[in-house]
Amino acid sequence: MKVFRLELRRLLLCWTTWLVIILSLACYFAGYSLYPMLQWTTMAVIYLANPISISTLGATILFSILTLYELNRIHKNHMDAVIYSILSPFTMILVLVLGLITCALLAALLGFLLFLPYTYQQLDLVFSFSDYFLCWFLIFFPGPVFGILFAACCYFITQRTDTSILAVIVFLIFSRSGVREKQCWWQWSLPVFSALSDDFSNTVVFRVAFYSRSIWLCILSGCFIVGLLCVRRYKKNILKSFLLGLRKPWIIMLGCCLFFLGALLWHYQPFFDASPSDWISAFAAHEEHTPLDLFLTGTELTVDITETTFGSISGKAIYHIENNSGQPKEMYFHLDSGYKIQLATINGEPISVIEDPFDLISMRDWRCMLPADKEITLEITYCGYPKMWNEQSSTLSGTMITQKYIELAGLHLLPVPQLEPKAPSTPFLANITLPAWLTPVTTGYAVKLVSSKNNTKTWFVSDSGTASMRLWAADYVKADLQGGGIPIEFYYSHKHQKQLEKINAIPAIEAAITYCTKHYGPRSFEEGKPFKIIQGTEFVFGGYAASNISEILEESFTVKNLQDVNKGASGAEVLAHEIIHQWWGLGAILEDQENLYWTSEGITTYSTYRLMEELYGEEYAKKYYLDKWDSSVTNMQNNFYMRHPEYMDRLPERLAADIRIAVNSIYLYDGTAQIIKRAEELVGGQENMDAILSRLYLEGGVTPPYITFDDFLNACGLTREDIGYE
């Protein structure tokens, strides 16, 4: 410890140490706008995830260089003979490396304190101190530590700074390129960091990051310890020095144990399944086993999802089955790859169930033999941790169980038998126990509270004509809306309650639903099931719409999105824009391979304009929509680089990309909306256009469910030349 204090003091008095710390923190600024690594648009991504990502990569390289500089300093100045005569080379190197790691910790602490006020100010009501803390000390801090260990190991072997820093850079590029870019456990410097949620849980991100950091801490520590044996001693070469080091066998044993522990953690990771890389062919070859003479006559589910620290589930499913064959029959069912069946019984008698050893899109097939009895009661007890599809390991999207957010669908909630329900009225009954602070939402009928005790609540859920269900649970605020003559339930994070009340968002949402129902047609829902609009987590890319559920991503509620003038003149209008997407984008899909600007954004922008004209009058709609479209399209067309595209290639790549992004945004929103407005005038006015759009929405295009640009033109009886489309 005495030597460590002296070495740390020397490092802190050295200008190179402070230069590396300052440059590492300076990289944080680049993540705001100069080089954002993540494209998803929550406030936490913009003001925390992007800066911490680039800063982590920068600090990894900078501390690697500092490590090599310090290790080479002793050898370059021929001080090794003197120092090693006083201290063991192992002791000296360990003290130096520990000092450098302490400096990396100091950099993390300084960054944590320095950027805290600004991050808190920008994130405001969605700021999470725990997420901010973990970003600095779980994401940032291990990066330079691993850089120090890997650089030191390379230097022990080569005793050359140039070769060692090249090895660090090559390994960093290698791990983040090619197929490894999408493989979670190859990311040794910066763990998979696809996004950060503003309103719900980021626990999955930090679980995976902690596990990834544990893998690489073991692997790189093992390499570092074994590399110590290569430190040159008594002016001998690497081989003789290594043989001298073997006199302390515990060193190589410890290093090998750590390395193999990391390999075992890698191989037996619990987060992702083992689906084949050619999953398309595997899925096409996968056989469905739905017997014609077996029917599901009812399902009863009891499930406990209160263990949110590690995110596990336990449950018991009872299936009532009708066997009309008069013979024993084999039955298959799907279950999440991370779950195990603990017990299975038929009519009270234990039976054996067989698990298929192969994964396919985060599921496995199980099968059992049913008796010839006509009425069968199959009871299955199961538990486990839900696994994600390995193809989604770079985005961490899929199912999750955390303290603040739960999303489970179908086979991730219970074993799903491959049986047809006996009738549309076949009951599905479930008792779901959740943490008391979470509000459940399902694809079934209304949720009812059964009991409450010990910080947990049990809810009763029912549905019919199905063998599965989709479940969301979060700290939702529920708003009961009316629009289009149907009951509507709007669930959103409590963090936005005051914000939405301030901008008067609820009436705007109701107006949008009423407008779309009146002008385009109703969303089709089963009687007794209200239309449920849910604010979902950022990790489910693209939203979700099925049955009576429409899920809106949380980026729709961010300050940045609510101030997006492309979508509306106010935050309430932006939310109305997002609700209209439930018709155009989720209800009906606009897509055209020959016209990439023909998407749901343009027609949704046009519909928002029409809604605002209906609510606030022609003058308001002209000022904030028509005039804005004309201005943005005209400015874009007058842009120098649009008039002289040959100069675009001469710009720096980053600037050229920014111009293309701006142009694409104008065409997607304002340009396409302007084209639809022009078509409206040519077909005889708004009433005729409404009839055309309603027909397209209800009937689709030539190749349902997609509506192409030509489908729209044909429905209008127009050509591209008629509307001035180039």
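1. Helix α5 (residues 89-123) and helix α6 (residues 129-140) have axes that come within 10 Å and cross at roughly 150°. This is in a predicted model. Since angles over 145 degrees count as roughly antiparallel, the two helices, α5 and α6, are therefore roughly antiparallel to each other. The crossing of α5 past α6 is right-handed.

2. On the α5 side, the contact with α6 is made by A104, L105, A107, A108, L109, G111, F112, F115, L116 and T119. On the α6 side, F129, Y132, F133, W136, F137 and F140 take part. Sorted by class, the contact of α5 with α6 holds 14 nonpolar and 2 polar residues, and no charged ones.

3. Aromatic pairs number 49 in the structure. One of them joins Y28 and W136, whose rings are stacked, at 5.2 Å centre to centre and with 20° between the planes. Y28 belongs to helix α2 (residues 15-30) and W136 to helix α6, so this pair links distant parts of the chain, 108 residues apart. Y28 and W136 are both buried.

4. Ring pairs link Y28, F29, Y32, Y47, F115, Y118, W136 and F140 into a cluster. Three members of this cluster, F115, W136 and F140, are also listed in the contact between α5 and α6.

5. A further aromatic pair is formed by F200 and Y405. The ring centres of F200 and Y405 lie 5.0 Å apart and the planes are at 40°, so the pair is tilted. F200 sits in the loop between α8 (161-175) and α9 (203-228), while Y405 is in strand β10 (residues 405-409), so the pair ties together parts that are 205 residues apart in sequence.

6. Are F200 and Y405 buried or exposed? F200 counts as buried, at 2% relative accessibility. Y405 is buried as well, with a relative accessible area of 0%.

7. V208 lies in helix α9 and is buried, with a relative accessible area of 1%. Neighbours within four places in sequence aside, the contacts of V208 are C184, W185, F271, F272 and L396.

Key:
Residues are numbered from 1 along each chain as its sequence is written. This is a predicted model: local features need pLDDT of at least 70, side-chain atom pairs count only at pLDDT 80 or more; totals for chains, interfaces and linings use all residues. Side-chain values use heavy atoms; hydrogens and water are left out. Axes are lines fitted to C-alpha atoms, for helices over the stretch in contact, and angles run from 0 to 180 degrees between N-to-C directions. Helices (H or I, at least four residues) and strands (E, at least two) are DSSP runs, numbered from the N terminus. Angles under 35 degrees count as roughly parallel, over 145 as roughly antiparallel, 65 to 115 as roughly perpendicular and the rest as oblique. A crossing is left-handed if the near helix is turned anticlockwise from the far one by less than a right angle, and right-handed if clockwise. Contact means heavy atoms within 4.5 Å. Ala, Val, Leu, Ile, Met, Phe, Trp, Tyr, Cys and Pro count as nonpolar, Asp, Glu, Lys and Arg as charged, and the others, Gly among them, as polar. Rings of Phe, Tyr and Trp (its six-membered ring) pair if their centres lie within 6.5 Å; planes under 30 degrees apart count as stacked, over 60 as edge-to-face and the rest as tilted. Buried means under 20% relative accessible area, exposed over 50%, partly exposed in between (1.4 Å probe, protein chains only).
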